Amino acid sequence: MKLAVPLLAAFGCALTTFTSAADEPYRPEAGKFPPVEKAHAYRGELVFVDHANRRGSLRVQGTGTFRRNDPHPFALLPYAIVRYHGAPADLRDIPLGTMLHVRAFLPPDPKISAVPILPINNKEKDADHNRGAGIAPAENHVLILEDDPSHCQREGLIWKLHQLEIKNNEGVITAHREPKALADDLPHKASEEKLSFDAATRIWRGRESLSLADLIAEGTWPATGQKSLGGQPVHLGITWKPTLGGVFTRFHISDIWLDETSLQRAAHLQTETHKTFIRSRWMPAWVDTVEYGKFGRATVTATLFGGMDASLYAEFKKGIPAFMNGVENTLKHTEGGTAGPTQLASRGNLIEVTKSSEIIPVGSSGIQIRFETDLITEGLRPTRVIRVRPANWPDVHLPREEYINSGNFKHEDRFPTPAIFPQY
């Protein structure tokens, strides 16, 4: 039986619960946020990123030799929620090698999938005796992508450190992960895990940035030998790297947050990075309805996607001027040559902003806007993905890889070919 776990308000959603996996594969529908309880859950190492097209590859953890698993392509759904260090993030923010937790579905529309289409039962196939099943699921369109601190915060988990063994500025820590709210008098069985660390492991305490050498110098950790850590609660950043000694699956600690203050600081810095990014690329949403008037006038009702910092949503207010532009499912703006997105966007005002009081599905902010324009553009149609910004957000032109020419667009042109490179 799968345990139900809390979905925290950090997603921009109401508090709800969901189970950790689905029995039957699920394919999302256009204009509907898929039920997260039907998502397939897995975990893997980020080994490739194509940030402009919101896709990449993960080395998915199975039951066999981790290093032999082929990188498995994934694509983010337009409304996907990405979190790093417990804060909103873009794919470009996450370092290669980071172990990520995934909840994903079948491709919504296989004809225009950004990654390969696989047999529906692919996660049940055993690659071979050294790799095991589950390393290439057909559910490769991602709703939630999060690193370990984000995953633990959302599911109410904490790492407990038991013992370390160190020599020549590297070693292993024995630890386990358990529910943070676990009562001391309740029995709990958790598998202990050995994780490696080295001189490059970053250690955070309050507002301090420490190294292994710092902990040794102050006497907190020994320079060599073993030490009991007594179940010390921490958050861990987890990566993977090749391991000596024929160990097939051992993960590596990139970061240790020794207290909540240190993790909150990391989350704050990541939040500021993401807020700046969204203000320059605009808030993603999709169109719910369009009421057409005369001579190009229209009123567009749209739902803002979830997962952003609350301060961004707070800037969408009734009566303010705004811009709305059609985008591709990769969230790339449509532009015309040297024209930036503002020049091609519909201009108008927000005539209404409402917040749902019901349980909000993952992927949605629950915030619906009504936008009135005197010149609606082709991309603003029901179920279509858009981007919208208040007029006081930055008006910038995007780098070439982040927009699509509107005049000659074909689905085959969604992703760069070798022609993008200059000829010398």
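**View 1. The whole chain and its surface.** The protein chain has an accessible surface of about 19,900 Å², and carbon and sulfur atoms own 53% of that (Shrake-Rupley method, 1.4 Å probe; for residues, only the protein chains shown count as cover). What you're looking at is a predicted model, where local features need pLDDT of at least 70, side-chain atom pairs count only at pLDDT 80 or more, and totals for chains, interfaces and linings use all residues. Numbering starts from 1 along each chain as its sequence is written, and side-chain values use heavy atoms, leaving out hydrogens and water. The protein chain carries 5 helices and 23 strands (DSSP runs numbered from the N terminus: H or I of at least four residues for helices, E of at least two for strands). Of its 424 residues, 50% count as buried, meaning under 20% relative accessible area with a 1.4 Å probe, protein chains only.

View 2. Zoom in on strand 17 (residues 298–305) and strand 21 (residues 364–373): they run antiparallel, joined by 7 bridges.

**View 3. L380 in its loop.** L380 sits in the loop between strand 21 and strand 22 (385–390). L380 counts as buried because its relative accessibility is 0%. Leaving aside residues up to four places away in sequence, L380 touches V287, V290, Y292, V300, M324, N325, G326, S346 and I386 (contact means heavy atoms within 4.5 Å). A345 is 35 residues away along the chain, with 9.8 Å between its C-alpha atom and that of L380.

View 4. The model has 11 aromatic pairs (Phe, Tyr or Trp rings, the six-membered one for Trp, with centres within 6.5 Å; planes over 60 degrees apart count as edge-to-face). W286 and F305 make an edge-to-face pair, 5.5 Å centre to centre with 90 degrees between the planes. This pair links W286 in strand 16 (residues 283–292) to F305 in strand 17, 19 residues apart. W286 is buried at 4% relative accessibility, and F305 is buried too, at 1%.

**View 5. Arginines over rings.** The charged end of R43 sits over the ring of F251, 4.7 Å from its centre (the rule asks for NZ of Lys or CZ of Arg within 6 Å of the ring centre and within 35 degrees of the ring normal). R400 has its charged end over the ring of Y403, 4.7 Å from the ring's centre.

How values were computed. Pairing = 2+ DSSP bridges. Phe/Tyr/Trp six-rings, centres within 6.5 Å; stacked < 30°, edge-to-face > 60°.
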